[in-house]
Amino acid sequence: MAETSRQRRRARRRGISPITRRILAVNMLAPALLVVGLFYFDEYRDNLIAAELSALETQAEIIAGALGETSISVQPSGDVRLEDESAQDLIRRTVEPTGGRTRLFGPDGNLLADSRIIGPFQRRVQVEPLPPPPGSQTLWARVGSLFRQGVEALSPGKPLEPYREPAQQTAYDYGEAWEVLRGLEPMSSMLRR
């Protein structure tokens, strides 16, 4: 009995037992992995955005080359003219498989073609899916929404403003398109170098 009380006194002097330290180390591993994952997620998101911008830039160069080869005509007076109908057909055919959106502005800044409006059958009706009615979310959708809000709160970047599209679009509504029409190199391509 005397040895047992000595062992207890020694254990109290040592502080935390080895098994307690191991349990705490294993339990601290999960929150540490979560914090590291959040930092990795932010870097991963930035890399995805950069890859998407690069792919869009390549797609724009391909469409511009195709427009130059098929939809440009030189008038007897020497003026260069863009054939609207041919350009609309080309944009529809090239953008349709990607599911993206392309707008073509004329030299005066007016919108000549929009892939959202000139769909496969030249339809002029815009179709957009509606969000579900309020209060109809499932439990998992609410949990996912809370998780997303938590990740966004911990993210170092500021949230983006909702995009509002002007009713009558011109190149002047889009900074990069306006810079290109003026003959300048877009600021975003200079920043990526």
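Glu83 and Arg81 form a salt bridge, and their closest N and O atoms are 3.1 Å apart. By salt bridge I mean a side-chain nitrogen of Lys or Arg within 4 Å of a carboxyl oxygen of Asp or Glu. Before I go on, this is a predicted model, where local features need pLDDT of at least 70 and side-chain atom pairs count only at pLDDT 80 or more, while totals for chains, interfaces and linings use all residues. Residues are numbered from 1 along each chain as its sequence is written, and side-chain values use heavy atoms, with hydrogens and water left out.

Back to that pair. Glu83 is partly exposed at 28% relative accessibility, and Arg81 is partly exposed too, at 42%. On this scale, buried means under 20% relative accessible area, exposed means over 50%, and partly exposed is in between, using a 1.4 Å probe and protein chains only.

In total, the count comes to 5 salt bridges. Another of them joins Arg92 to Asp89, with the closest N and O atoms 3.9 Å apart. Both residues sit in helix H3, residues 84-95, and because they are 3 residues apart there, about one helical turn separates them. Helices here are DSSP runs of H or I with at least four residues, strands are runs of E with at least two, and both are numbered from the N terminus. Arg92 counts as buried, at 19% relative accessibility, whereas Asp89 is partly exposed at 25%.

Next, which residue does Arg103 pair with in a salt bridge? The partner is Glu165, and the closest N and O atoms are 3.0 Å apart. Arg103 lies in strand S3 (residues 103-105) and Glu165 in the loop between helix H4 (139-154) and helix H5 (175-181), so this pair ties together parts 62 residues apart in sequence. Arg103 is partly exposed, with a relative accessible area of 25%, and Glu165 is also partly exposed, at 28%. Through shared partners, salt bridges join Arg101, Arg103, Asp114 and Glu165 into one network.

Now the core. A nonpolar core is a set of buried Ala, Val, Leu, Ile, Met, Phe, Trp, Tyr and Cys residues joined through side-chain atoms within 4.5 Å. The largest one has 8 residues: Ile63, Leu67, Ala87, Leu90, Ile91, Val95, Leu104 and Ala113. Helix H2 (18-70) and H3 each supply at least two of its residues, and H3 gives the most, with 4. As background, nonpolar side chains tend to be buried together in soluble globular proteins.

Leu90 touches Ile63, Ala66, Leu67 and Thr70, if we leave out residues up to four places away in sequence. Contact means heavy atoms within 4.5 Å. Thr102 is in the loop between H3 and S3, and Thr102 is buried, with a relative accessible area of 16%. Setting aside neighbours within four places in sequence, Thr102 is in contact with Ile63, Ile91, Val95, Ala113, Asp114 and Ser115.

Last, the chain as a whole. There are 6 helices and 4 strands, running α-α-β-β-α-β-β-α-α-α from the N terminus. Of its 193 residues, 16% count as buried. Among contacts with a separation of 6 or more, 45% are between residues 24 or more positions apart. The accessible surface, from the Shrake-Rupley method with a 1.4 Å probe, comes to about 15,800 Å², and 60% of that belongs to carbon and sulfur atoms.
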